[in-house]
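I opened my notebook next to the viewer and kept a record of what I looked up. Here are the entries, in the order I made them.

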Amino acid sequence: MCGIFGIYPHKDAAHLACLGLYALQHRGEESSGIITRNGKKVQIHKALGLVSNVFDEKIIRSLRGELAVGHVRYSTTGSSNIKNTQPFYVKSKVGDVAIAHNGNLTNTLSLHRELENKGALFQTSMDSEIIAHLLAHSQNKDFKDAMIWSLSKLEGAYSLVLMLNDILIGARDAQGFRPLCLGKLDGAYVLASETCALDLIGAQYIRDIQPGEIIFIKKDRLESLKPFKETRHAFCIFEYIYFARPDSNIFEHNVYLTRKRLGAQLAGEFPVDADIVMPIPDSGTYAALGFAGASEIPFEFGMIRNHYIGRTFIQPSQGLRDFRVKVKLNPLRQALDGKRVIVIEDSIVRGTTSRIRIRTLRLAGAKEVHMRVSCPPLKFPCFYGIDFPTKKELVASRHDIAWIRDFIGVDSLEYLSLEGMLNSMPLAKENFCTACFDGRYPTSLPKGFSKEVLEKG
Ligand code: SF4
């Protein structure tokens, strides 16, 4: 859960990186950072907070140079502190290295140990730092070979935007868990997690960085390498369900249209007689549109969102989360009073947030509340960069649907089937990771997480 951005060569690189990060803010609200390179001089500004809090005009003007790398972060590995903000920068024997990383590695522990044995001193608890140490420990003189060797050591999920001296590099793991796209603006190349960042700066989308591809951008020259053995793709299906912005195309297809299809499929699988269909805004909105269209039940906004409150799902502490649920969505009595309501959720993680929301709908006069969820029950943790870390916290891994229905306090509850979810996708099902739903992990698990441990939770 991070957003990454890079641009080169452009005279307004820092400015455009800042705008790109604004567009990617939904991918991480904890910290924001930009690094630029001007000749041999590297400048960096990063801090805890939203892009709008971390950067102002003066700071952006001070970040000179035609090459910029940016990052917005939510901590899935490493604690939430200033040391762990990105881009991670280090001066090493290969030169200046700055890394913006999205995804989680699964072999962090063994690489950490291996590198420490070789004398590496770690400054942070981020797995992204491992990549910098690998580059520094590579025996290859050629930077491309050093990059290939370093990436060949990694397991798990990574989309990377990297500055290595005066070269901008983009890379995606061989299974392609996280998205990364390439665009062009005024002759400069742009790398971004999602196409919404290209749209905002007026860049033209060229293509996705392919799974297993590394691209090297030096001035206006782009070189692409695919040094790794082709393997089964494992695009994160949860990007389509919840995480990516609806106006983005990820994995080459539009998120908004996919969410509408999920909603229509859900209406077909679990119809219910009701007066209105309403979303839990904002991420449930598009599936709710699909549900309403397919079921011919009117769509209404039964809750109004306060846009000045951050996304609760990506707040790190439980105490804060409960408070924020209450202040974030205000039920609309005029739409709800006396009505039989179908509420569309994009997913249920812990169930506590849904429980509070349903209570507020009933207080606003809803006569019946039926919940439909546009993905199957989330039962397994994600090791590839989405924050539902332990089985214990996932309500569906410990309880059946009837229990969750009663806990949340709805009259009926149904989840989209795994098959229905996959059939709603714009790509064949073999392309996706669905491990959080079915426990079929596409990589070996991190040390300490055997299948048996997972089963026990
Ligand atoms: S486990 Fe789930 S959230 Fe994690 S990468 Fe796979 S589909 Fe995405």
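**Entry: a helix to start with**

How many of the eleven residues of helix α1 (residues 13–23) are buried? I was working with a predicted model, and I found nine of the eleven buried, so α1 is largely enclosed by the rest of the structure. I wrote down the buried ones: A13, A14, L16, A17, C18, G20, L21, Y22 and A23. A reminder to myself: an α-helix has 3.6 residues a turn, so residues three or four places apart point the same way.

**Entry: overall build**

I then stepped back to the whole protein. I counted 18 helices and 23 strands. The C-alpha trace spans about 70 × 50 × 40 Å along its principal axes. I checked the radius of gyration too: a compact globule of 457 residues would have one near 23 Å, and the protein's 22 Å agrees with that. Of the 457 residues, 52% are buried. I also looked at contacts with a separation of 6 or more, and 71% of these are between residues 24 or more positions apart.

**Entry: two domains**

Next I looked up the domain assignment, which gives domain 1 as 2–231 and domain 2 as 248–456. Their C-alpha centres lie 31 Å apart. The contact between them draws 23 residues from domain 1 and 20 residues from domain 2. Which elements give two or more residues to the domain 1 side? I found α4 (108–117) and α7 (195–201). I sorted that side of domain 1 by class and got six nonpolar, twelve polar and five charged residues.

**Entry: around the ligand**

I listed the residues around the ligand as F177, C236, I237, F238, C382, Y384, I386, C433, T434, A435 and C436. At least two residues of this shell come from α8 (237–243), and at least two from α17 (435–438). By class I noted ten nonpolar residues, one polar and no charged ones.

**Entry: strand β1**

I went to strand β1 (residues 2–8) to ask how well it is covered. Seven of its seven residues are buried, so β1 is largely enclosed by the rest of the structure.

Which strands does β1 pair with, and in what sense? On one count, six bridges join β1 to strand β4 (residues 67–73), and the two run antiparallel. On the other, four bridges join β1 to strand β10 (residues 188–192), again antiparallel.

**Entry: strand β17**

I moved on to strand β17 (residues 276–279). Both of its faces are covered, with I276 and M278 on one side, V277 and P279 on the other, and all four buried. β17 pairs with strand β20 (residues 340–345) in the parallel sense, over four bridges. I traced V277 across and found I342 as its bridge partner in β20.

**Entry: S138**

Is S138 buried or partly exposed? I found S138 in the loop between α5 (128–137) and α6 (143–152). With 19 other C-beta atoms within 10 Å, S138 is partly exposed, because a residue needs 20 or more to be buried. Leaving aside neighbours within four places in sequence, I saw S138 in contact with A146, W149 and S150. I also took the distance to K93, which is 45 residues away in sequence: the two C-alpha atoms are 9.7 Å apart.

**Entry: G290**

My last stop was G290, in helix α10 (residues 285–295). With 27 other C-beta atoms within 10 Å, G290 is buried. Which residues does G290 touch, not counting those up to four places away in sequence? I wrote down R259, K260, R261, L262, G263 and A264. I took one distance here as well: M147 is 143 residues from G290 along the chain, and their C-alpha atoms are separated by 44 Å.

Note on methods:
Residues are numbered from 1 along each chain as its sequence is written. This is a predicted model: local features need pLDDT of at least 70, side-chain atom pairs count only at pLDDT 80 or more; totals for chains, interfaces and linings use all residues. Domain bounds come from an automatic or database domain assignment. Two residues are in contact if their C-beta atoms, placed from the backbone, lie within 7 Å. Ala, Val, Leu, Ile, Met, Phe, Trp, Tyr, Cys and Pro count as nonpolar, Asp, Glu, Lys and Arg as charged, and the others, Gly among them, as polar. A residue is near a molecule or strand if its C-beta atom, placed from the backbone, lies within 6 Å of it. The radius of gyration is taken over C-alpha atoms; the globule rule is 2.2 Å times the number of residues to the power 0.38. A residue is buried if 20 or more other C-beta atoms lie within 10 Å of its own, exposed if 12 or fewer, and partly exposed in between; C-beta atoms are placed from the backbone. Two strands pair if DSSP finds at least two bridges between them.
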